[in-house]
Amino acid sequence: MKTAQPKPSRARRYLPILEWGRSYDGQALSSDLMAALIVTIMLIPQSLAYALLAGLPAEMGLYASILPLVAYAVFGTSRTLAVGPVAVVSLMTAAAVGAIAAPGTIGYATAAITLAFLSGVILLALGLFRLGFLANFLSHPVIAGFITASGLLIAASQLKHILGIPAEGHSLTGLIASLARNLGQTNPYTLAIGLAALAFLFWTRKGLKPLLLKTGLPPRAAELLARAGPVAAVAVSILVTWGLNLADRGVSIVGAVPQGLPPFTLPALDPGLWRELFLSALLISIIGFVESVSVAQTLAAKRRQRIVPDQELIGLGASNIAASVSGGYPVTGGFARSVVNFDAGAETPAAGAFTAVGILLAALLLTPLLYFLPNAVLAATIIVAVLSLVDLTILKRAWSYSRVDFAAVAATILLTLGFGVEIGVSAGVALSVALHLYKTSRPHVAEVGLVPGTQHFRNIHRHTVETSPALLTIRIDESLYFANAAFLQDLILDRVTCDQPIRHVVLMCSAVNEIDLSALDTLEEINRRLGEMGIALHLSEVKGPVMDRLKRSHFLDQLSGEVFLSQYDAFRRLTGPHDPARVDPAAAGA
């Protein structure tokens with residue numbers, strides 16, 4: 001006989017490290033260290049590049065990859081999620097902070113730190129109040145459309161660094177127009193470095209590992225060296241820029257990067273700034289959480305593990321607050337890094353903490369070597385990373401499956417490209433909610449009959465079934481609430497005004513999980529109107545929780561008909577022995 005598993009203590013619930021830390025052993029340590037080494041190699045150039053994308057100093061990307069990783073290791077529930085700067089959130093940070101201060105100023109960096117703090121507080125509050133379900137209102141097609149459009153925007157925004165020209169704009173049209181105006185100022189040395197870096201990085205993603213395996217290297221060593229491709233691009237470009245003195249020939253470089261520990265910082269305590277940043281912080285929190293939890297759930301399922309979405313909100317909230325007190329900017333779980341962490345064999349969140357140690361050592365020891373790093377190489381790193389996010393096939397799949405979803409995806413992509421990420425994600429949220437309301441306000445409702453020789457009831461337009469002229473059975477495939485109650489009333493009243501001698505209407509409620517007060521009022525009105533026509537209203541297959549609420553109202557006392565346990569009972573009770581007639585679905589208009 002199995003004994004019930006004890007519930008985790010409150011401390012272990014909010015501090016998952018106490019759960020997995022109890023069984024931590026040497027094997028897990030070895031696996032986590034190897035995964036941390038691979039992710040560190042990948043994260044160093046990425047963190048520098050994403051800081052550039054956010055319009056921030058390069059060191060802030062490193063700072064955002066240290067303490068936030070430690071915070072997530074303590075509070076997060078995913079064993080393999082890799083937290084840090086990501087492309088979409090970096091772009092949203094640039095859009096939000098750029099509307100308040102000019103890039104390169106103290107006010108810009110302070111606003112980014114404050115944005116991380118606000119995002120952290122929002123995520124923490126959502127987690128503590130268990131409001132993670134709110135993220136479900138962002139439909140997957142809308143999220144896919146937003147991420148695709150953001151990837152295109154990010155790639156376009158980095159072309160100025162590849163070409164070595166000035167350009168600005170938060171929309172695709174603005175960026176293209178700005179690039180076109182300044183195309184004549186293209187720096188040939190910068191262009192050569194940028195194109196070479198792009199070609200090399202695209203090749204390393206697909207071609208380097210097979211080449212290394214052909215030379216006889218073990219798979220793990222080949223994987224490690226392939227992941228080090230961006231580091232190699234950084235190292236070679238630094239040597240070339242320094243050796244050929246390309247900085248004096250107009251090649252933009254990173255310049256001096258402060259060496260040392262992340263500084264202790266605090267968000268600005270300015271209510272006006274908080275008001276200006278709040279909406280952006282909310283959108284970043286939602287998008288970051290959805291992106292993070294989706295990859296965490298995918299990876300956890302592969303190992304038959306589970307994550308706790310509400311605790312994930314707390315973990316990500318703690319990570320963003322940690323970023324705000326250590327000179328960073330908003331962070332979330334990254335898809336590519338998490339997959340690499342998973343494939344490298346990470347067994348616990350300690351791999352993230354070890355990665356933080358690696359980034360810390362880089363901040364302490366390697367930053368002087370970054371002085372001659374061309375911005376074009378960082379831009380190439382961003383472009384190669386974000387183009388993997390672009391999935392235009394979502395348009396084809398949405399078109400073939402649902403025109404409504406296609407309209408939502410297309411609108412999100414066009415609005416994001418045309419007006420920028422904040423308008424795009426705001427429109428995405430609004431469209432997701434509008435789609436939900438539209439679909440549930442017009443629920444699928446079927447007139448059903450008895451399948452001969454069974455006790456099953458199916459749509460009369462799809463199956464050959466038995467019906468009765470005196471009985472109308474309506475199956476409702478949605479919960480009843482204020483948005484769809486009137487739709488049901490109109491449908492029933494339209495149906496019973498035909499010439500058939502209908503004496504009974506049965507609402508088959510097998511798919512109804514809830515009836516709100518507005519819908520209850522509508523049911524009472526339907527009962528009254530049918531009663532005036534001499535028609536009795538019945539219910540069947542009402543779920544227990546729904547029946548419990550109906551019993552607390554006067555509806556059952558006023559109901560002109562009965563409540564049946566099953567639709568078969570209702571059919572036999574309300575039809576005579578010679579009453580049923582077989583209906584051909586073709587004859588019914590299918």
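**Cavities, pocket and cores of the predicted model**

The second largest cavity has a volume of about 40 Å³. A cavity is a set of points, on a 1 Å grid over the protein atoms alone, where a 1.4 Å probe fits but cannot get out. Grid points are joined across faces, edges and corners, and a volume is the space filled by probe spheres set on the points. The model is predicted: local features need pLDDT of at least 70, side-chain atom pairs count only at pLDDT 80 or more, and totals for chains, interfaces and linings use all residues. Residues are numbered from 1 along each chain as its sequence is written, and side-chain values use heavy atoms, with hydrogens and water left out.

The lining of the second largest cavity is formed by Ser119, Leu123, Ile284, Ser285, Gly288, Phe289, Asn320, Pro330, Val331 and Thr332. Lining residues have an atom within 4 Å of a point. Helix 7 (106-128) and helix 13 (271-302) each contribute at least two residues to this lining. Helix 13 provides the largest share, four residues. Helices are DSSP runs (H or I, at least four residues), numbered from the N terminus. By class, five lining residues are nonpolar, five are polar and none is charged. Here Ala, Val, Leu, Ile, Met, Phe, Trp, Tyr, Cys and Pro count as nonpolar, Asp, Glu, Lys and Arg as charged, and the others, Gly among them, as polar.

Two cavities of 30 Å³ or more are present in the structure.

Thr40 is buried, because its relative accessibility is 10% and buried means under 20% relative accessible area (1.4 Å probe, protein chains only). Residues up to four places away in sequence aside, Thr40 touches Thr355, Gly358 and Ile359. Contact means heavy atoms within 4.5 Å.

Gly127 belongs to helix 7. At 4% relative accessibility, Gly127 is likewise classed as buried. Gly127 touches Asp310, Leu313 and Ile314, again not counting residues up to four places away in sequence. The C-alpha atoms of Gly127 and Asp310 are 4.6 Å apart, although 183 residues separate the pair in sequence.

The largest pocket has a volume of about 1,400 Å³. A pocket is an open set of points with protein on both sides within 12 Å along at least five of seven lines. Of its 50 lining residues, Phe335, Ala336, Val339, Ser388 and Leu389 are the closest to its centre. Helix 13 gives the most to the lining, with eight residues. The lining holds 28 nonpolar, 14 polar and eight charged residues.

The largest nonpolar core has 106 residues. Such a core is a set of buried Ala, Val, Leu, Ile, Met, Phe, Trp, Tyr and Cys residues joined through side-chain atoms within 4.5 Å. Met92, Phe146, Ile287, Tyr329 and Leu373 have the most contacts inside it. Helix 13 supplies the largest share of this core, 13 residues. Beyond its neighbours within four places in sequence, Met92 contacts Phe146, Leu283, Ile284, Ile287, Val421 and Val425. A second, separate core has 30 residues, including Leu472, Leu493, Leu507 and Leu520.

Methods: Buried < 20%, exposed > 50% of the residue type's maximum accessible area, 1.4 Å probe, protein only.
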